[in-house]
Structures are given as C-alpha cells and as structure tokens.
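Visitor: Hi, I'm new to this one. Can you put it up on the screen and talk me through it?

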Amino acid sequence: MIFRCKNCGANAVFSPEKQAMYCPYCDSIDSEEIAAGEGMNFCINCGGELHAGDYKSAVKCEHCGSYVIFEERTSGNYEPHLILPFKLGKKGAQELIKKEFGKKPFLPDDFLSEAKMSEMEGSYVPFFMYDYACRYQLNAQGKKVRTWRNGNTEYTETSIYDIYRDMDVDFEKIPVDASIAMNDEMMDLMEPYDYAALADFQTKYMSGFLAEKNNMSAEELETRARAKAKKDAEALMDETLTDYTAVTEKRQDLNLDRTQTNYALLPVWSYTYTYKGQTYPFYINGQTGKMTGNPPISKAKVFGYVATVFLGVLAAGGLFNLILGVL
Ligand SMILES: [Zn+2]
Ligand SMILES: [Zn+2]
C-alpha cells in the first residue's frame, strides 16, 4: 500500500517534525488516503519493479520514489503491537552528523557532501520486548570486619551474619533487536529509547521510511532478554549487600517468569558511507539522536599532514646549523 494525498495524488508521509501525515508536494496535513497494493513485486504508484527481499516490510520505489508498505509483512502474525514514531527528521539527523564530524581532520572530502548525505534513510527496526516477573531468593553469609587501636594494641572484630533476601522485581519491555541486517552491538549501543512515547501500531507511521519484519521468532531471541534481566536483577541484589566486607553465597534461586511479549518497531536513521571498498555504517537513534559509528580516515590526508611536520623539522635543523656557523 501507499499513502496518497487526496489533494494532489503525491505520496503522503509521516513527518517527524510535525508529528502528522504530510504531503511534501502540496504542503497539506492529514490529507492521506490508502491506495492498496497487490503483492510485493510492483509499485502500486508507477508499476515499477520492487525488491522486497526476504524481510523488507517497507521499501522506497527506485523508479518514482514512493514509499511502499507491504500489507503481507505488517499484518496478521507480522502486525507489530507497538511503534515508536520517528521524532527526529532527516534534516535533524544530517545536522547531528555534520556537528559530530564537521571539525574532524582526515575525513574523506565527500564524507559530509550533500549528495552523500541525501542517501540517508530512516528505517524501522523490528524488536521484541519482553516483560518478566522475577523472584530472586538469596541465602548467603556476610562478613563485617571492624578494626581499632587502643594504646599499642590493634583490635580486629569479625562478625558473621546469615543473610536472607527475597526480592520481587518486575521487568518491563526488555528490548532485543529481531533484525539480521542490523548489527546487534550497534543496536545495543543506541539504547536507551524512551518507551513512554511508544504508540499502538498504525501503518501510517511507516510511510516515508524503510522497514523490516522480524527475522527470528520471539522464542529464538529470548536468551538475550533473559541474560539482560538476570544481570539487572543481580545488580539490584548487590545494592542491598554493600554493608558487608565480604559476601559468600550459599544458595541463590533466580526465577524469571515471562508475563508478556510485544513486537515493536523502533526508529533508526542510517548513513552508510563506502570508502575504498569498505562500508562504514552510522546509526542514529530516530528518537533521541544518539549516534554510533566511526568514520574512515583518509590515508591521503593523513600523509599530507605528516609530510608537513617532517618538512618543518628539516627547516629547524637548517637554522640550527646556520647559528653554529656564525659562532
Ligand atoms: Zn498533496
Ligand atoms: Zn514507483
């Protein structure tokens, strides 16, 4: 499907700046209607061929530039429960990259060029979000050591305590990215998102962006969520044990009960820069503007810099000899 402007027929998109549906051609707000497509092979606007691949749920038509959303991959079993609509627009994302890298030396000349930057696209990345009710019981021995001095004698008092803790903690929306294309470490680095802005899923939020459906099931990905929950529960428990000099665990029982799983789409701006056959991906959190990625260093520019220093040293050597000669 595409969202079409009722006034002029152009592709209406979700505008992060206006937080509304917007037609960039006739400037109207909320003027969209749905034009339903058939299958994933051809653009419903121009009839051009589309490349849906195995996982894409929204693409940009190479022929007419329309953003096409696939019903087959956004409904039924693939319908997301939640979506975090883009808050940061394309201009805003470009400004952030320019601000971050604009003053850095050694960058290839076209790294921040308008042409390269215009290739930047926003994508919705599929996530599973896991809720857990956690019960953590701990039996341990704690030691407290106190020392003091009286005259020439030093006293040490060691007290041993039996510790019992019974902690209940609810975890809500632990995110795990469900996309093969997106690098897991990169996605983890972009967290946190502010989940208070999560909205019930509506297809219109996807218009103007690329998207993927989940590549793996919630069950296949749960190990990562459990590991995160366990680590956080242990950190919370440790905070209750800071009074002791040493703690020896006798028995621990950590039980995670999954209470809910949500399928959600989260917003990411991607800028992929290719330099000498290697790609350098940059990701910007489409809500908070947090960025990850390292730019390439241009060898030609680094060499130019080193050569300047080298020439300077030679000139100084020459001056030194001259002064010696006068003496
Ligand atoms: Zn219009
Ligand atoms: Zn098209």
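Visitor: Leaving aside neighbours within four places in sequence, which residues is V68 in contact with?

Guide: V68 is in contact with I2, G37, C43, I44, L50, A58, V59 and C61. Two residues are in contact if their C-beta atoms, placed from the backbone, lie within 7 Å. Before we go on, this is a predicted model: local features need pLDDT of at least 70, side-chain atom pairs count only at pLDDT 80 or more, and totals for chains, interfaces and linings use all residues. Residues are numbered from 1 along each chain as its sequence is written, while chains are lettered from A and ligands numbered from 1 in the order in which they are written.

Visitor: OK, what about the largest nonpolar core, how many residues has it got?

Guide: That core has 55 residues, and V68 is one of those with the most contacts inside it, along with A58, V125, F127, A264 and L266. A nonpolar core here is a set of buried Ala, Val, Leu, Ile, Met, Phe, Trp, Tyr and Cys residues joined through C-beta atoms within 7 Å. Buried is for 20 or more other C-beta atoms within 10 Å of a residue's own, exposed for 12 or fewer, and partly exposed for in between, with C-beta atoms placed from the backbone.

Visitor: Which element gives the largest share of this core?

Guide: β12 does, with 8 residues. The core also draws at least three residues from each of domain 1 and domain 2. Helices (H or I, at least four residues) and strands (E, at least two) are DSSP runs, numbered from the N terminus.

Visitor: Where do the two domains run?

Guide: Domain 1 is 2-128 + 175-213 + 263-300, and domain 2 is 130-173 + 218-262. Those bounds come from an automatic or database domain assignment. The domain centres, taken over C-alpha atoms, are 41 Å apart.

Visitor: How many residues from each go into the contact?

Guide: Domain 1 puts in 9 residues and domain 2 puts in 8. On the domain 1 side, β9 (153-177) and β12 (246-275) are the elements giving two or more residues.

Visitor: I see I174 on β9. Why does it count as partly exposed?

Guide: Because I174 has 19 C-beta neighbours inside 10 Å. I174 does sit in strand β9. Leaving aside neighbours within four places in sequence, I174 is in contact with M129, Y130, A225, K228 and A229.

Visitor: New topic: what's the radius of gyration of the protein chain?

Guide: The protein chain has 29 Å, but a compact globule of 327 residues would be near 20 Å. The radius is taken over C-alpha atoms, and the globule rule is 2.2 Å times the number of residues to the power 0.38. Those C-alpha atoms fill a box of roughly 95 × 90 × 30 Å along the principal axes.

Visitor: And where is the confidence lowest?

Guide: In helix α5 (residues 299-326), at a mean pLDDT of 37, while strand β2 (residues 13-15) is highest at 98. pLDDT is the predictor's confidence in each residue, from 0 to 100. Over residues 304-327 it stays under 50, and the model has 0 contacts there beyond four places in sequence. Where pLDDT is low, the predicted coordinates should not be read in detail.

Visitor: Last one: which peptide bond is cis?

Guide: The one from E191 to P192, with omega near 5°. P192 is found in the loop between α3 (184-190) and β10 (199-200).
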